Structure formats: C-alpha cells, structure tokens
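Subject: Handover of a structure and notes on its contents

Dear colleague,

Please find the structure below.

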Amino acid sequence: MEAPFVQPDEAGDGPSNGGGTATEDPAPEPGLDGGSVDPGTVDAGSPDAGTVDAGPLPEAPPPLDPECAAMPPVMPEAPAQWREHSRSGDKYMQCGPSASDGVGSVVFSHFSTDQSYAMNLHMWFWGEGSPASLESRGVFLPTDRFLAFGQPRGFLNFNSAYHDSVTYLDSRTGEVTHHPLDQDGYFVSAAADPNGGARGLLDDGTLKAYGPTGELLWSASTPMRGYVRAMGVDARGNTLIIVAEGYDVGGTTQAQGLWVDASGQPGNPFLALAQAPIGWFAFYELVPQATEGLFLGTSNRDTPKTWTAFAPLEPQGRPGPAWLQSDPAETVTLSRLESGKGYIRWRRTSACQNAAEFLTPSGKSCGTTRFPPLYPEAPNFCGTLSRGPDGTVIETFPVVSERPPESDVSIKTCAYRWWPALLP
C-alpha cells in the first residue's frame, strides 16, 4: 500500500506540521511553571505586621523515587524540532539501517536491488566538533550488508563483499578500513558488545571478537552449527548463541544454547528452550540485562513475546521477570542503557505514536518520552526508533513509492529524522 508522502529537504528543517528549524538548544526541563504563591511583602512598621496571614504554603512536589533518581531525566514530549535526511531513487532502491556513534555523527544507508555488493552510505557529522557546523559526506561501501554498530567515534560493519571482512567507518574522516578474515567462511550472525566492539559468528562455528575500530581481539572455535536464531553479548562481555532447527510454520522445536566467556573460552551446549518457535514468522531477540546476563524474547506470528532470563555462563534459563512478561503488545523492542542504569522500552501505538519508556533495572517505570508523528495525515506511516551511544535518537521510515503526475516511472524515497543527544 502506498502511503502519502511529503518529501523533506535533504537535511534541513522539519516539516511545517511539526518539524521546524533544527536547533541544538536543550529541551526545557519539565516541572511547575512559577511553582509558588507570593504572599507579598509585609511592612514591619504597620500595626498589623505581626498578624498578616500569608496563606497556606505551597505543597512540596512528591519526592522522586530513589530508583528513578539514578535514571536520566525524562521529558514527557520530544521537541517538535529535528533534523531530516532523505534520498530518492528508481524502483530498485531500498532503505537500509541507520545508526549514530558516540560523538553526534549519524549514518544512513540505501542500496539498489539490481546491483550486487553496492551499499551507499550518507553520513552527517559535526564539523570541527561543533553542532552549529553540521556537515555531510557520501560514502560508498562495497558490500551487500550494513549492520551499523555505533562505536565511540565511528561504525563497525560485517562485510560480505567478495570475501568477508570487518569494516570500520571513521566518522571524523569518512575513511573506511577493511580488516580481512584470517580464514575462509562467512558471517552468519553478529552482535554488539555493550563495552564497545562486536562479535561475529562464522558458518563453521568460529566466534570472533572485535574491538571498537575493528581490530581482532580473539577467536574461538565452538561446536555450534545450524540455524542461528540469536546471538547477544552481556555487560560482562560474555556471548550467548541460540540455535534452533526447523521450518514448520507455527510449529515449535528445541533450541540449544552456548556461552562463550569474555576471554573466548566456550562452555558446553545446553537446552535453552524446550519449546522454541520456528517458521518464517519466528522471532528471536537477545537483550543485555542491566548488569549481567541476557533476556531472550521469542514469538511466532502475532503471539505475545515470551521472555527467558539467562544468568551469565549458566547452562539453563528461567522465566523472565513479571514486568517483562507483562510487556504490552504494542512494544517494539527493549534496549539497555549504558552503565547499567536501566532500560528503554520502545513503544508504538496503533496510530504510529512512538514513545520511549524508561525503566529501572528492577523494571519500575520512571516516565515516558513521546515522539510526534512525522506526518499526522498519514497514520500508517510508522518509523522505527533507535538510540545511539551519545543519546541521539533516529527514526527510520520504510521506503515510500510514489508516481509523479504524467509519469509511468515510480520514485522511491528513504526518509530518516533524528534528535541529536536527546536521551543521554
């Protein structure tokens, strides 16, 4: 279904119905406006000076929950000002992932389905470190895959062009550095390390750990083979691999798990799930817990997610906490905040109202930030939100196809918008 689309500028102001000029001024802190009643000034020389009734004192705001006090401040509404980027192309054009690094740079990707190993990236960065001097550059990456792992000053990608390698895109210079594999094979899965860098799993079961700029840290041989459903790294640097075979639509099977510790020492395979979903609509998601361990979320078709908690290096799982099991249906995903502060639960309502709910490590809600829809007149034009290491929030929209008047050729457009350092 073709959604109505108003094409924004290349990277200028937001639309007149909500965007406005992009600025870097911090959003006003929520709170009381005024906050107290002025009882007036009493003239000490008047005969009634000692009996003037100033009225009741204003009520003090309720104390902040101790758990929430350690969380970042939460603004109820995201600013109605943002930056935008869009790119249009022919009928073969597709939109790729987006990401932000740790110093305010963002990168967007698009590719053409009639070309092999051709990923075009467009990066916006702060010129000379100043938000007032936003600059952009185009980068051509010879790959058919861009996973966009944001790092402190750049982006990691697991490349599959001609011969697999890990590439690092420096967001200060725009240079791409290739780190070729030291063995044959190709990557079947990759996952970010919360401490920086990433893990890549090869088709022969070899797990490789890479640093923030793509340097190889260690390589480990594991017995894991088959269809890798999920891979994740916890806050201590331990890696969990989940494998499950089977393709029956709507069916279930057993899923095997394997831990590899932070130094690259693998454990033994174990039964991770006795009833794991399989089929085209099976969904698996590994999320690092606040301090250690991982959550595994699974679902099939439109069924609610089932969550399992895995303690670090433990060869068994247990049911996820109650606050996670009661996850509402409109939740998009869960992500961990840096330094173990807690989580962000990304929500999306049926009217494309995206929101970020802040949760403590124990799952207590500390407030929600809502994001204005890009096109209120197009309620089905929903984007997907993500947050980078510096707190930048990016909304990535699905490709939009439109046919100009008196033309037989359709034009496809990829659109993105972002709020720099919005949720630090």
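The model is predicted: local features need pLDDT of at least 70 and side-chain atom pairs count only at pLDDT 80 or more, while totals for chains, interfaces and linings use all residues. Residues are numbered from 1 along each chain as its sequence is written, and side-chain values use heavy atoms, with hydrogens and water left out.

Disulfides

A disulfide is a covalent bond between the sulfur atoms of two cysteines. Here the term is applied to a pair of cysteine sulfur atoms within 2.5 Å, and the count comes to two.

One of them links Cys68 and Cys366, with an S to S distance of 2.0 Å. The angle about its S-S bond is -85 degrees, which is left-handed. Cys68 belongs to helix H1 (residues 66–69) and Cys366 to strand S25 (residues 365–371), so this link ties together parts 298 residues apart in sequence. Helices (H or I, at least four residues) and strands (E, at least two) are DSSP runs, numbered from the N terminus. Cys68 is buried at 12% relative accessibility, and Cys366 is buried at 19%; buried means under 20% relative accessible area (1.4 Å probe, protein chains only).

A disulfide also joins Cys95 to Cys414, at 2.1 Å from S to S. Cys95 is in strand S2 (residues 93–100) and Cys414 in strand S29 (residues 411–419), so parts 319 residues apart in sequence are tied together. Cys414 is buried, with a relative accessible area of 0%.

Strands

Four strands form an open antiparallel sheet in the order S6-S7-S8-S9. Strands S6 (149–151) and S9 (176–180) stand at its edges with a single partner strand each, so one side of each has no neighbour in the sheet. Two strands pair if DSSP finds at least two bridges between them; S6 and S7 (residues 154–159) are joined by three. In this pairing, Gly150 stands opposite Phe155.

Elsewhere, strand S20 (residues 306–310) has four of its five residues buried. S20 pairs antiparallel with S19 (residues 294–300) over five bridges, and with S21 (residues 318–319) over two.

A serine

Which residues does Ser189 touch, not counting those up to four places away in sequence? They are Arg199, Gly200, Leu201, Val228 and Met231, where contact means heavy atoms within 4.5 Å. Ser189 lies in strand S10 (residues 187–192) and is buried at 15%.

Yours sincerely

Note on methods. Buried < 20%, exposed > 50% of the residue type's maximum accessible area, 1.4 Å probe, protein only.
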